[in-house]
Amino acid sequence: MKKLLSRIVIRLPLILWTIAVLYPILWMFIGAFKSNAEIYANPWGLPHVFNFQNFSQAWNEYNIDTSVFNSLIVTVLGALLTLLMAIPTAYALERIVFKGNRFLFTLYISAMMIPTVLGWIPLFFLLMQLNLLDNIYGLSIVYAVSQLPFSIFVLTSFMGTIPKALEESAAMDGLSPYGVLWKIITPLSMTGIITVTIMNAIQFWNEYFMALIFLQSEENYTLALAIDYISNEAEYTNAWGTLFASLAIAIIPVIILYAIFQRRISKGMTEGAIKG
């Protein structure tokens, strides 16, 4: 009885929390296949006929297709830029001994504790001076820089456990420091790199506030801004089914990505915590 009660005490809150998280998502997916009349008649019921009219309307009439393409560019480019900056920086901070090494590492890590909202106004004027305001490529650069401290923190934890003897052997065989980095260190840190890339990609795909500040033209809107526009329109046009469909379009790639790489993400975060 004690074991049974202990299991109930532990699992019951988890079950309730799972229901609280999954039920709104399921309700959203069901609403995406319902007409406005069905939503108003029975918001919690299943649709009589599953149709894709809401998806077609969101994709064509509200330009979700353009927003998806913009979000894809921003996500992929931002994640790649983050890796290009984070991998060499993490390797230099972890392996190369120079004056100010620890101070620079502490400076990067302390940047994780500074709220990003403090940099939005200076970034706005900086992008304006560089003619990168209202530009998805400028937004990609901002995203990459914003996630650089987190990426360096995770990657240094992985690189710190790689035996230095491997680097010394590679150097004796004639590899340059850049060759050691890209041919030895990077492949052995692949678990951390994949974890960082997925976490950053999900962050960039879902980000809203910086896109709202730095993007102004509708043709440059990311998916989060397009959904916000549809949400405002739904208050007057009652296009709730279209709104649910656009939300489903936004969340499906994240679910698929996390489902595919779930084990790698869990393994990477656990190993990073232990190695750190």
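**Helix packing and local features of a helical chain**

The axes of α5 and helix α8 (residues 148-159) approach within 8 Å and cross at roughly 125°. The crossing of α5 and α8 is left-handed. On the α5 side the contact is made by F105, Y108 and I109, and on the α8 side by L148, P149, I152, F153 and T156. Sorted by class, the residues of this contact of α5 with α8 are seven nonpolar, one polar and no charged. The model described here is a predicted one.

The overall setting of this pair can be stated briefly. The chain holds 15 helices and zero strands. Its C-alpha atoms fill a box of roughly 75 × 70 × 35 Å along the principal axes. Of the 276 residues in the chain, 39% are buried. Among contacts in the chain with a separation of 6 or more, 73% come from residues 24 or more positions apart.

The axes of helix α4 (residues 64-95) and helix α5 (residues 101-110) come within 9 Å, crossing at roughly 135°. That angle makes α4 oblique to α5. The crossing in which α4 passes α5 is left-handed. From α4, the residues T89, A92 and L93 make the contact, and from α5 the residues N101, R102, L104, F105 and Y108. By class, the contact of α4 with α5 has five nonpolar, two polar and one charged residues. F105 and Y108 of α5 are listed in the contact with α4, and F105 and Y108 are listed again in the contact with α8.

Helix α4 leads in turn to an ionic pair. The count of salt bridges comes to one. In this salt bridge the side chains of R95 and E167 meet, at 2.3 Å from N to O. The pair links distant parts of the chain, with R95 in helix α4 and E167 in helix α9 (residues 164-172), 72 residues apart. Are the two partners buried or exposed? R95 has a relative accessible area of 12% and is therefore buried, the limit for that class being under 20%. E167 also counts as buried, because its relative accessibility is 10%.

A further packing arrangement joins α3 to α14. These two helices pack at an angle of about 75°, with their axes 8 Å apart. The helices α3 and α14 are therefore roughly perpendicular to each other, as the range for that description runs from 65 to 115 degrees. In α3, the residues N54, F55, Q57, A58 and W59 meet G241, T242, A245, S246, A248 and I249 in α14. The residues of this contact of α3 with α14 divide into six nonpolar, five polar and no charged.

F244 is placed in helix α14 (residues 240-260). Because its relative accessible area is 10%, F244 is buried. Leaving aside residues up to four places away in sequence, F244 touches W27, M28, G31, A32 and I39. By contrast, the C-alpha atoms of F244 and S217, which are 27 residues apart along the chain, are separated by 23 Å.

With a relative accessibility of 11%, G45 counts as buried. Not counting residues up to four places away in sequence, G45 touches I30 and K34. The C-alpha atoms of G45 and I30 are 8.3 Å from each other, and the two residues are 15 residues apart along the chain.

Finally, the loop between α6 (120-129) and α7 (136-146) contains N131, and D134 is placed in the loop between α6 and α7 as well. Although N131 is not a glycine, its phi is positive, at about 60°. D134, likewise not a glycine, has a positive phi of about 60°. What is the surface exposure of N131 and D134? N131 is exposed, with a relative accessible area of 66%, whereas D134 is buried, with a relative accessible area of 18%.

Notes. Residues numbered from 1 in each chain as written. Predicted model: local features only at pLDDT ≥ 70, side-chain atom pairs only at ≥ 80, totals over all residues. Heavy atoms only, no water. Axes fitted to C-alpha atoms, helices over the stretch in contact; angles between N-to-C directions. Helix = DSSP H or I, 4+ residues; strand = E, 2+ residues; numbered from the N terminus. Parallel < 35°, antiparallel > 145°, perpendicular 65-115°, else oblique. Left-handed = near helix turned anticlockwise from the far one by under 90°. Contact = heavy atoms within 4.5 Å. Nonpolar A, V, L, I, M, F, W, Y, C, P; charged D, E, K, R; others polar. Salt bridge = Lys/Arg side-chain N within 4 Å of Asp/Glu carboxyl O. Buried < 20%, exposed > 50% of the residue type's maximum accessible area, 1.4 Å probe, protein only.
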